[in-house]
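Look over the sequence and the model first.

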Amino acid sequence: MNIDNEKKLQVSAIKDGTVIDRIPPLSLFKVIEILGLDHTGNQITFGTNLDSKHLGKKAIIKIADSFFEDEDINRIALFAPDAKFNIIKNYEVIEKRQVAIPEHISGIAKCFNPKCITNHQNVKTRFTTKKGKEGISLVCHYCEKITQTKNLQIISKS
Amino acid sequence: MPKSLISIHDLSKEEIVHILDLAAQFEQSPSPALLNDKVIATIFFEPSTRTRLSFETAGNRLGARVIGFSDVGNTSVTKGESLKDTIKMVSHYADLIVIRHPLEGSARWASEVSSVPVVNAGDGANQHPSQTLLDLYSIRKTQQHLDNLQLTMVGDLKYGRTVHSLLQAMSLFNAHFTFVAPPELVLPTEYKHFLHQKNLDFIESCDLLPHIPKSDILYMTRVQAERFPDPIEYEKVKNSYSLTAFMLQQCKPNMKILHPLPRVNEIADDVDNTPQAYYFDQARNGVYTRMAIITYLLDQTK
Ligand SMILES: [Zn+2]
């Protein structure tokens, strides 16, 4: 079996749907949570700690009969900035989409500041993203405090 | 959405100068009946007599009527009403809302659900923009301008929100900063990054006296005992950041001392009678500045 075939098998094992590639293994379950995959009835398979040229190790998720909006794709940017969405139709990859870090995000993450209004009342969180030495950080639109990626807590998609 | 004042970042340099110009006009004629047909609500979810009286005086001097509460003990708020519902209700009664609330970001949220302008009179440790504008007004009034000034900030530079907002505002006017604080209360790195990005120079020191002669403005803040885990540490530093008249011998004639009051022991009583003491006048300037903020926002909303 040549490399091309092997590759094809890895990503094309579903007939129609989406394969999310290049997820850092430690972010796998966060990505599942953010995309609400733990609530879906669709067939899902995932693999983790697979060899990756880019990341060393990576995780992959395959979701049958499911396609994502750009907004959903960008929701996972904080945890899987290198992720690729492969859109599969009839066993063929018909489109590849790259995650982009959105300038503003809302309703995905919790503000780290315990005195922030969003942690006390029914207020949807809003942040501006900021790239720094330690990865991406979020500046709260309300309390103006910074939440680092390492302190990020996710609000599940309902 | 009507124009609100939530954070000092909401204002451009031009808007700041415009509001200060308006405040100067109100200082010339402090009781213009400009807002006879307006109602202003001051809703204070935590007490702050000083700030509330200043806003209510400003509203009354403009001829508006003032409604509100300053004690949530007897209101529906304690029965669990959300801030959103309170604001929705009040914005049907009043033409402008002044809010103080212990939660950070509460004023921003209020401005997003309100149909009338909102002024933030303090949201926890976050922002208090009318205080910053009155500081700027006091600085400009005593120095005749705001550009290229030597600003020495003293005391609690870690938690003091007035310090953080003022340094951000003064960075628009190319200020030269000196930060004097005990090691426990130095300026957080994010503000140093901010100044680096703006290419502004600053000095950090734990010794006040050597920096007095060059200063145009000495901005004193409270060093509170509860900021120190060890009371002995507080006792050691509390007097090294208190100012006495004796220390002012070498100061510039134009130098003024500001303090966002109330003071504890950062400024000795013998400083009160020196030409440098400006902290009591600063409080009066607060009324003119708040008159300017109210008229500016209502003007933008017409
Ligand atoms: Zn926040």
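## Model and confidence

This is a predicted model, in which local features need pLDDT of at least 70 and side-chain atom pairs count only at pLDDT 80 or more, while totals for chains, interfaces and linings use all residues. Residues are numbered from 1 along each chain as its sequence is written, chains are lettered from A and ligands numbered from 1 in written order, and side-chain values use heavy atoms, without hydrogens and water.

The complex has an ipTM of 0.88 and a pTM of 0.85 from the predictor. In chain B, confidence is highest in helix H4 (residues 106-113), at 98, and lowest in helix H8 (residues 231-238), at a mean of 81.

## Helix H7 of chain B

Helices (H or I, at least four residues) and strands (E, at least two) are DSSP runs, numbered from the N terminus. Helix H7 of chain B spans residues 189-197, and its buried residues (under 20% relative accessible area, 1.4 Å probe, protein chains only) are B:Tyr191, B:Lys192 and B:Leu195. They lie on the same side of H7(B), because they cover an arc (of directions from the helix axis to the C-beta atoms) of only 105°.

The face turned away carries B:Thr189, B:His196 and B:Gln197, which are exposed (over 50%). Just after H7(B), B:Asn199 takes a positive phi of about 60°.

## A sheet in chain A

Five strands of chain A form an open sheet in the order E2-E3-E1-E4-E5, with antiparallel pairing (at least two DSSP bridges between two strands). Strand E2 (44-52) and strand E5 (92-98) of chain A are the edges, each pairing on one side only.

Seven bridges join E2(A) to strand E3 (residues 56-64) of chain A. A:Gly47 stands opposite A:Ile60 in E3(A).

Conventions: pLDDT = per-residue confidence, 0-100.
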